[in-house]
Amino acid sequence: MYLYYKNINQKFLAILLTHSLAFFKFLLIKHTNMNGVQYDHLAKILLLGNSSVGKSCLLLRYTENRFNEAFYSTIGVDFKVRTIVMRNKSIKMQIWDTAGQEKFRSITSQYYRGAHGIMMIFDLTNKDSFNDLDAWIQEIERYGGEKLAKVLIGNKCDLEDKRTITFEEGKAYADKLGMPYFETSAKDAANIDAGFVKLAELIIAMENRIDKKRSIVENPKKSSCCM
Ligand SMILES: Nc1nc2c(ncn2[C@@H]2O[C@H](COP(=O)(O)OP(=O)(O)O)[C@@H](O)[C@H]2O)c(=O)[nH]1
Ligand SMILES: [Mg+2]
């Protein structure tokens with residue numbers, strides 16, 4: 001009789017152990033990327049803006065701390081990754097550079113799929129790139145919807161004597177659309193981290209808001225109304 005109970009207990013312990021291991025593995029898979037590095041959030045970020053505003057240079061500076069003097073057209077779709085830690089949470093940023101000719105109408109809706117944030121970039125020395133922002137914003141609203149976090153970047157602030165857009169003009173445009181505004185230089189590595197960190201903060205805040213809304217829909221509070 002004693003042996004019988006001992007066997008049952010062992011079986012129970014074995015089952016418990018197997019299930020615990022499976023649960024642990026599930027947790028690990030959920031928060032682990034393909035290289036085995038853990039992260040708490042994954043954010044798909046798109047760099048948008050006219051050709052030659054400095055998108056590829058900003059990406060290179062932010063992910064590899066390098067700068068390229070030569071202009072080369074991005075061939076195909078390209079993304080780089082950088083993981084940062086904010087308030088004890090790691091955020092893996094998957095940052096996408098636009099493919100080929102960055103004319104706003106040539107970017108397909110496919111590119112926006114699954115995106116969490118947009119870095120909208122213009123060149124402080126090129127008025128056209130600033131004037132085209134309206135068309136870009138329309139495109140983002142059409143394909144990306146309202147759930148996207150956005151920041152506006154005026155790049156090449158090192159070229160102060162060639163500047164054609166003032167800080168006030170850039171800031172007023174961003175304020176009108178409710179976007180944070182940063183002036184950066186990929187060449188001098190100025191203010192780039194601040195722009196990406198702000199975008200990551202907005203993405204997390206937006207995710208938290210969506211999670212909260214979802215939990216309210218899934219667990220609605222019982223009405224206190226009397227019958
Ligand atoms: N002075 C200066 N030149 C920059 C800066 N960022 C990019 N460039 C130059 O602008 C050109 C276009 O940059 P690129 O990143 O290829 O533009 P993209 O078409 O938007 O990807 C290149 O010659 C870069 O060296 C910057 O912050 N300052
Ligand atoms: Mg490029």
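Residues are numbered from 1 along each chain as its sequence is written, and chains are lettered from A and ligands numbered from 1 in the order in which they are written. Because the model is predicted, local features need pLDDT of at least 70 and side-chain atom pairs count only at pLDDT 80 or more, while totals for chains, interfaces and linings use all residues.

The protein contains seven helices and six strands. Here helices (H or I, at least four residues) and strands (E, at least two) are DSSP runs, numbered from the N terminus. Along the sequence the elements follow the pattern α-β-α-β-β-α-β-α-α-β-α-β-α. Of the 227 residues, 29% are buried. A residue is buried if 20 or more other C-beta atoms lie within 10 Å of its own, exposed if 12 or fewer, and partly exposed in between, with C-beta atoms placed from the backbone. Among contacts with a separation of 6 or more, 72% join residues 24 or more positions apart; a contact means that the C-beta atoms of two residues, placed from the backbone, lie within 7 Å.

The six strands form an open sheet in the order 2-3-1-4-5-6, with mixed pairing. Strand 2 and strand 6 are at the edges and have a single partner strand each, so one side of each is left without a neighbour in the sheet. On average, neighbouring strands of this sheet are turned by 25° against each other, direction ignored. Two strands pair if DSSP finds at least two bridges between them. Strands of a sheet pair through backbone hydrogen bonds, in either a parallel or an antiparallel arrangement.

Strand 2 (78-86) and strand 3 (89-97) run antiparallel and are joined by nine bridges, with Ile-84 opposite Ile-91 of strand 3. These two strands form a hairpin with two residues between them. Arg-87, in the turn, has a positive phi of about 45° although it is not a glycine. Most residues other than glycine have a negative phi. Arg-87 is exposed, with 7 other C-beta atoms within 10 Å.

Strand 3 also pairs with strand 1, in the parallel sense and over seven bridges; Ile-45 has Ile-95 of strand 3 as its bridge partner. Strand 1 in turn pairs with strand 4 (residues 117-123), again in the parallel sense, over four bridges. Leu-48 stands opposite Met-120 in strand 4. Helix 5 packs on the sheet, where it touches strand 1 and strand 4, and its direction makes about 165° with that of strand 4. For such angles, axes are lines fitted to C-alpha atoms, for helices over the stretch in contact, and the values run from 0 to 180 degrees between N-to-C directions.

Helix 6 lies across strand 5 and strand 6 and runs at about 145° to strand 6. Within helix 6 (residues 167-176), Gly-170, Tyr-173 and Ala-174 are buried. They cover an arc of only 95° around the axis, which puts them on the same side of helix 6; the arc is that of the directions from the helix axis to the C-beta atoms. The cover over these buried residues includes helix 5 (133-144), strand 5 (149-155) and strand 6 (181-184). On the other side of helix 6, Glu-168, Ala-172, Asp-175 and Lys-176 are exposed. Gly-178 follows helix 6 and has a positive phi, near 70°.

Between helix 5 and strand 5, the loop holds Lys-147. This residue is partly exposed, with 13 other C-beta atoms within 10 Å. Lys-147 and His-116 are 31 residues apart in sequence and 7.4 Å apart in space, C-alpha to C-alpha.

Another loop links strand 1 (41-48) to helix 2 (55-64) and holds Ser-52. Ser-52 is not a glycine, yet has a positive phi of about 75°. Ser-52 counts as partly exposed, with 15 C-beta neighbours inside 10 Å.

Ligand 1 is surrounded by 19 residues, the closest being Gly-54, Lys-55, Ser-56, Cys-57 and Lys-187. A residue is near a molecule if its C-beta atom, placed from the backbone, lies within 6 Å of it. Helix 2 supplies the largest share of the shell, three residues. By class, the shell has six nonpolar, eight polar and five charged residues, where Ala, Val, Leu, Ile, Met, Phe, Trp, Tyr, Cys and Pro count as nonpolar, Asp, Glu, Lys and Arg as charged, and the others, Gly among them, as polar.
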